[in-house]
Amino acid sequence: MGRGHCALARVAVIVRAPAAPLWWLGLLAAGIGAALPGLTGRRIGLLAGAALFLATATVAFTARRKRYAHLAGAASRAGKAVYLQDRAVTVRGWRRGRRWWLALAFPAAVASSLAAPGAAGLAMAGLGAGLWAKAQWLGGLERRTEALLWVRTEWAKGSPAGKQVRGYLTTGLAAGDAAPGGARRPRHPAGRTAAVSAAR
């Protein structure tokens, strides 16, 4: 595996992609909801929201971590013919494929504030926080092993740790245009396709 021509996306970037929209839309929905009295009242709604924030953040952070760790431990070195997908392309592809889900989740969270003000919005924000934390955890794995984790784009359409993912590929830390954990960094001067061999 890894010797033929294929496109690779960073695992941490895929995990991180929904974090920002969930975080900001969730906080916005919670802020709007806090302005509504709701059936439970603001205090109870926001306390419930705080509990949901912690619960959803924990679930998002811990979900499939053993699977990620197993795939990372069994990863093989990427070949020279692979194409490293830009961070922006990976993020845009994820968000474009789920734009309707995000578009519906926000008004649903605001509407739910008529019952419990701010609760659903804080739950959304918790999901975003948990996914961001998971991306940071993956970044820690990458730094410790001094290897970035990549997955074939056709395998990662559902999840970068789903059953359809047969394995991860690795490159050196300098490959691609995203730092360990999936954050932005300056574009690698060697270019995207040549970055694999340059980073070894």
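Predicted model: local features only at pLDDT ≥ 70, side-chain atom pairs only at ≥ 80, totals over all residues.
**Notebook: helix H7 and its neighbours**

I began with helix H2 (residues 19-34), which packs with H7 at an angle of about 155 degrees, the two axes being 7 Å apart. Angles over 145 degrees count as roughly antiparallel, so I noted H2 as roughly antiparallel to H7.

Next I looked at the handedness, and H2 passes H7 in a left-handed crossing. Then I listed who touches whom. From H2, I found Ala19, Leu22, Trp23, Leu25, Gly26, Leu27, Ala29 and Ala30. They meet residues of H7 including Gly121, Leu122, Met124 and Trp132. Sorted by class, this contact has 14 nonpolar, 3 polar and no charged residues.

I wrote down a right-handed crossing for H3 passing H7. On the H3 side I saw, among others, Gly45, Leu46, Phe53 and Phe61. On the H7 side the contact includes Ala119, Gly130, Lys134 and Trp137. How many residues of each class does the contact of H3 with H7 have? I got 16 nonpolar, 5 polar and 1 charged.

Is Thr171 buried or exposed? Its relative accessible area is 1%, and buried means under 20%, so Thr171 is buried. I also found a polar contact of 2.9 Å between the side chains of Thr171 and Trp150.

How values were computed. Residues numbered from 1 in each chain as written. Heavy atoms only, no water. Left-handed = near helix turned anticlockwise from the far one by under 90°. Helix = DSSP H or I, 4+ residues; strand = E, 2+ residues; numbered from the N terminus. Contact = heavy atoms within 4.5 Å. Nonpolar A, V, L, I, M, F, W, Y, C, P; charged D, E, K, R; others polar. Buried < 20%, exposed > 50% of the residue type's maximum accessible area, 1.4 Å probe, protein only. Polar contact = N/O pair within 3.5 Å; in protein donor to acceptor, adjacent residues only side chain to side chain. Axes fitted to C-alpha atoms, helices over the stretch in contact; angles between N-to-C directions. Parallel < 35°, antiparallel > 145°, perpendicular 65-115°, else oblique.
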